[in-house]
Amino acid sequence: MSQPNNRVFSGVQPTGNLHLGNYLGAIRKFVALQESHECIYCVVDLHAITQPFSVWGGPAELANNTREVTAAFIASGIDPARHIVFNQSQVVEHAELAWIFNCVARMGWLNRMTQFKEKAGKDRENASVGLFAYPTLMAADILVYRATHVPVGDDQKQHLELTRDIAAKFNNDFAESIARLQLDTDYFPLTDPVIEGPATRVMSLRDGTKKMSKSDASDLSRINLTDSADDIAKKIRKAKTDPEPLPATLEELAGRPEAENLVGLYAALAEIDKASVIEQFAGEPFSVFKPALADLAVEKLAPINAEMRRLLDNPVEIDAILADGAARARVIARETMQEVRRIVGFLGD
Ligand code: TYM
């Protein structure tokens with residue numbers, strides 16, 4: 001198989017509470033890349049189960065959460081006919097390649113992963129083995145398609161660096177075998193992260209020093225993609241701020257995390273840079289800025305919300321999209337795994 005040079009892969013976990021950070025940091029970029037790249041977008045259900053039932057809702061919720069992420073992809077503008085949209089567990093090759101990568105990655109590399117430390121918390125002995133090995137599965141997701149570009153939010157940067165380390169070590173460890181089989185020397189590409197724009201790290205509306213997160217106990221901390229217009233306006237009205245008006249320069253936002261976050265949100269939603277937002281609102285109090293931000297957020301999110309609801313009323317349509325995407329993803333993933341099995345030296349087809 002020849003090496004693709006413009007293939008995008010990215011994934012979102014079906015753990016509920018899909019929020020504005022997921023949309024601006026990731027999903028909206030997925031949409032933009034469709035014009036220039038061949039894209040594969042995955043609802044990563046194998047990743048979801050690395051955490052306790054309380055986080056992903058258990059078996060009764062998983063199917064609904066998977067459909068919700070799929071609906072968000074499509075409602076945001078991803079075209080499942082031109083590109084591939086599927087859920088991870090339908091393509092077993094992800095898990096197969098992850099096992100091989102478990103044998104390539106080193107304990108020391110995984111021990112350095114900050115997300116594991118955050119998610120496992122104090123009770124590390126009680127974290128699942130899957131949560132520890134999570135980044136090797138993520139590397140497999142990307143590399144089973146030999147994807148070259150991965151759009152994500154800032155919090156995934158370390159995982160993508162590890163993906164590059166795994167690809168490089170595999171290419172190096174198996175170099176002789178790869179050469180003997182006359183495959184590309186750089187069999188697995190060193191994937192480029194795509195982490196750009198004013199919203200790579202959207203912060204909590206209740207605390208500008210904490211990331212907006214699906215698992216925050218306070219629903220006021222995040223804008224969910226399923227929130228009504230009233231909820232969105234209420235959450236922005238209640239968002240924490242400081243007493244100062246907006247400054248005249250970007251530099252003066254330093255040390256004001258909540259103000260900086262809201263300016264970043266406005267910029268991302270309006271698709272302009274932060275400096276232009278400051279220019280427009282310099283000297284204005286939050287009593288003026290917040291309603292403008294709320295109107296903008298509702299304007300951009302209401303159509304997505306409506307389309308998500310329509311799709312979620314038609315689960316059969318969503319399931320058909322995932323089945324079709326999985327069938328097309330499998331063709332690529334199988335081809336890679338056939339080569340990888342030969343590279344590693346496994347007997348059989
Ligand atoms: P997940 O499901 O936590 O988040 C999905 C995407 O949303 C981004 N994101 C944010 N961006 C900006 N501000 C925020 N507050 C914010 N919160 C989340 C994430 O960076 C991500 O891009 N490990 C991944 C899923 C995954 C994956 C992959 C991604 C599995 N395999 C392969 C890329 C390639 C995750 O947990 O994302």
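Hi everyone. Let me start with a term: a residue is called buried under 20% relative accessible area, exposed over 50%, and partly exposed in between, using a 1.4 Å probe and protein chains only. By that scale, glutamate 317 is partly exposed, at 33% relative accessibility.

Before going on, a word on the model. It is a predicted one, where local features need pLDDT of at least 70 and side-chain atom pairs count only at pLDDT 80 or more, while totals for chains, interfaces and linings use all residues. Residues are numbered from 1 along each chain as its sequence is written, and side-chain values use heavy atoms, with hydrogens and water left out.

Now, back to glutamate 317. Which side chain does glutamate 317 meet in a salt bridge? The partner is arginine 310, at 3.6 Å from N to O. A salt bridge here is a side-chain nitrogen of Lys or Arg within 4 Å of a carboxyl oxygen of Asp or Glu. Arginine 310 is partly exposed too, with a relative accessible area of 38%.

How many salt bridges does this rule give? The count comes to 20. One of them joins glutamate 96 to arginine 341, with the closest N and O atoms 2.8 Å apart. That pair links distant parts of the chain: glutamate 96 sits in helix 5 (residues 93-102) and arginine 341 in helix 15 (residues 315-344), 245 residues apart. Helices (H or I, at least four residues) and strands (E, at least two) are DSSP runs, numbered from the N terminus.

Another salt bridge brings together arginine 164 and aspartate 192, at 3.5 Å from N to O. Here helix 9 (residues 157-173) holds arginine 164 and strand 5 holds aspartate 192, 28 residues apart. There is also a network of salt bridges, linking Asp219, Arg222, Asp227 and Lys235.

Next, an arginine without such a partner. Arginine 146, in the loop between helix 8 (129-143) and strand 4 (149-151), is buried yet has no salt bridge. The nearest side chain of opposite charge, glutamate 339, is 4.2 Å away. However, a polar atom of the arginine 146 side chain lies 2.7 Å from the backbone oxygen of tyrosine 187.

Last stop: the loop between strand 5 (192-194) and helix 11 (229-237), where we find arginine 206. Valine 202 lies in the loop between strand 5 and helix 11 as well. Is valine 202 buried or exposed? Valine 202 is buried, because its relative accessible area is 6%. Arginine 206, by contrast, is partly exposed at 37%.

Definitions and conventions
Lys and Arg count as positive and Asp and Glu as negative; His and the chain ends are not counted. A polar contact is a pair of N or O atoms within 3.5 Å; within protein, one must be able to donate a hydrogen and the other to accept it, and residues adjacent in sequence count only if both atoms are side-chain atoms.
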